[in-house]
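Please look over the sequence and the model first.

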Amino acid sequence: MKQVTLLGATGSIGLSTLDVIARHPEQFSVFALTANTQVDRLFQQCCDYQPEYAVMADPQAAEQLEQKLAENGLETQVLAGIDGLIQVASDAGTDYVMAAIVGAAGLQPTLAAARAGKRVLLANKEALVMSGRLFMDAIKENQAELLPIDSEHNAIFQCIPGRLSGNVTEYGVKRILLTGSGGPFRQTPLSQLARVTPEQAVAHPNWDMGHKISVDSATMMNKGLELIEACWLFEARPDFIQIVVHPQSVVHSMVEYTDGSILAQLGQPDMRTPIAHAMAWPERMDSGVDRLDLFDVARLDFERPDYERFPCLQLAEQAARQGGTAPAILNAANEVAVQAFLDGALDFTNIAVVVESVLSVMSSREADDLNTILVDDEQAREYAQESIHQARTRVE
């Protein structure tokens with residue numbers, strides 16, 4: 001019986017993971033569940049799965065959860081804040097850690113899981129975007145297992161034989177083809193993009209995701225972050241990876257080999273597939289996902305990315321080539337800009353403007369330690385807030 005700690009239990013990845021666990025009660029048990037502020041949802045999950053620990057990132061929410069659990073006679077121990085997240089991610093009682101906290105907030109507990117030698121099921125791409133070398137060193141030095149949950153990276157992993165270690169060229173790989181749907185605005189006239197609303201941006205045509213990731217998909221920043229992540233996962237240079245717009249989201253990514261072969265992993269756009277793959281690996285198990293009917297799909301389309309439409313993708317590629325703390329700066333600025341857009345304080349097209357402005361005023365430096373990364377992350381957020389304020393002042 002494998003004990004699972006789920007970082008980010010109330011999000012879309014968390015819900016899909018619990019669905020997979022529920023289908024295999026003889027193989028998996030929930031050790032800890034964590035959330036940010038959603039007390040009622042985490043309380044219900046505690047009732048359903050009775051974990052040893054529940055962690056709320058917000059201390060006030062933790063107090064509310066603790067009271068609800070006590071009133072209902074549940075013995076789950078409640079922890080709070082970053083220390084609580086780190087504790088359950090590294091606890092000796094857990095075997096697998098699903099890292100599904102969105103954004104930079106997931107970095108420290110995910111890194112703690114790696115340092116504790118866990119099987120890390122990585123859905124939080126920011127851990128690698130912000131601290132790639134530090135994170136990968138922690139995986140290797142502590143003999144942890146790293147398995148990608150992002151559908152694209154999981155697809156690449158399935159198309160490459162052996163474990164996730166070493167440069168992919170050792171397996172005869174010539175190129176990685178990283179697919180992305182292009183989001184809801186792939187064909188929207190450029191002149192209309194500045195007027196799109198948060199409600200339109202989060203309405204992804206294929207995937208059911210949280211608001212922040214959905215906006216990243218609409219700007220294709222998500223694909224840029226995934227490119228950076230893929231560089232670390234597969235020890236590949238940025239120019240070794242080709243972004244391919246694939247609107248059907250059926251081909252989750254491809255790997256081209258030196259002999260001319262291209263291997264692709266296909267499936268429904270349902271995150272339970274990569275989750276089940278990583279949890280059962282190297283075996284296979286039922287995920288609950290409907291089978292893919294190729295006759296219903298009928299056609300598969302592929303396009304080159306339009307950088308005029310998706311400037312965030314180009315900014316991410318530039319940060320990937322620059323290296324150091326540039327990806328962490330990019331990620332921090334983007335998180336602030338996306339939240340401002342969701343709050344109605346920034347136009348959609350100005351997300352890229354804010355990110356570019358922060359990258360232009362901050363210099364990348366070596367990302368050799370966590371403190372350096374966190375300092376540049378905080379500084380980038382401050383610059384992003386200034387840029388947003390200036391943009392609003394100009395409009396007013």
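In this predicted model, strand β6, made of residues 119–122, is joined to β7 by four bridges, and the two run parallel. Within this pair, R119 stands opposite E145 of β7.

**The sheet**
- β6 and β7 belong to an open sheet of seven strands, ordered β4-β3-β2-β1-β5-β6-β7, with parallel pairing.
- The edges are held by β4 (77–80) and β7 (145–148); each has a single partner strand, so one side of each lacks a neighbour in the sheet.
- On average, neighbouring strands of this sheet are turned by 20° against each other, direction ignored.

**The domains**
- The protein is divided into domain 1 (2–148), domain 2 (157–297) and domain 3 (323–394).
- Between the C-alpha centres of domain 2 and domain 3 the distance is 25 Å.
- Domain 2 gives 17 residues to this contact, and domain 3 gives 13 residues.

**The interface of domain 2 and domain 3**
- The two domains bury about 1,200 Å² between them, with 81% of it on carbon and sulfur atoms.
- P198, K212 and M221 lose the most area on the domain 2 side, together 35% of what that side buries.
- Zero salt bridges are counted between domain 2 and domain 3.
- One residue pair is found in polar contact across this interface, both residues at pLDDT 80 or more.
- On the side of domain 2 that touches domain 3, the elements giving two or more residues are α8 (198–201), α9 (211–219) and α10 (221–233).
- α9 provides the largest share of that side, six residues.

How values were computed
Residues are numbered from 1 along each chain as its sequence is written. This is a predicted model: local features need pLDDT of at least 70, side-chain atom pairs count only at pLDDT 80 or more; totals for chains, interfaces and linings use all residues. Side-chain values use heavy atoms; hydrogens and water are left out. Two strands pair if DSSP finds at least two bridges between them. Axes are lines fitted to C-alpha atoms, for helices over the stretch in contact, and angles run from 0 to 180 degrees between N-to-C directions. Domain bounds come from an automatic or database domain assignment. Contact means heavy atoms within 4.5 Å. Buried area is the accessible area (1.4 Å probe) that two parts lose on being put together, summed over both. A salt bridge is a side-chain nitrogen of Lys or Arg within 4 Å of a carboxyl oxygen of Asp or Glu. A polar contact is a pair of N or O atoms within 3.5 Å; within protein, one must be able to donate a hydrogen and the other to accept it, and residues adjacent in sequence count only if both atoms are side-chain atoms.
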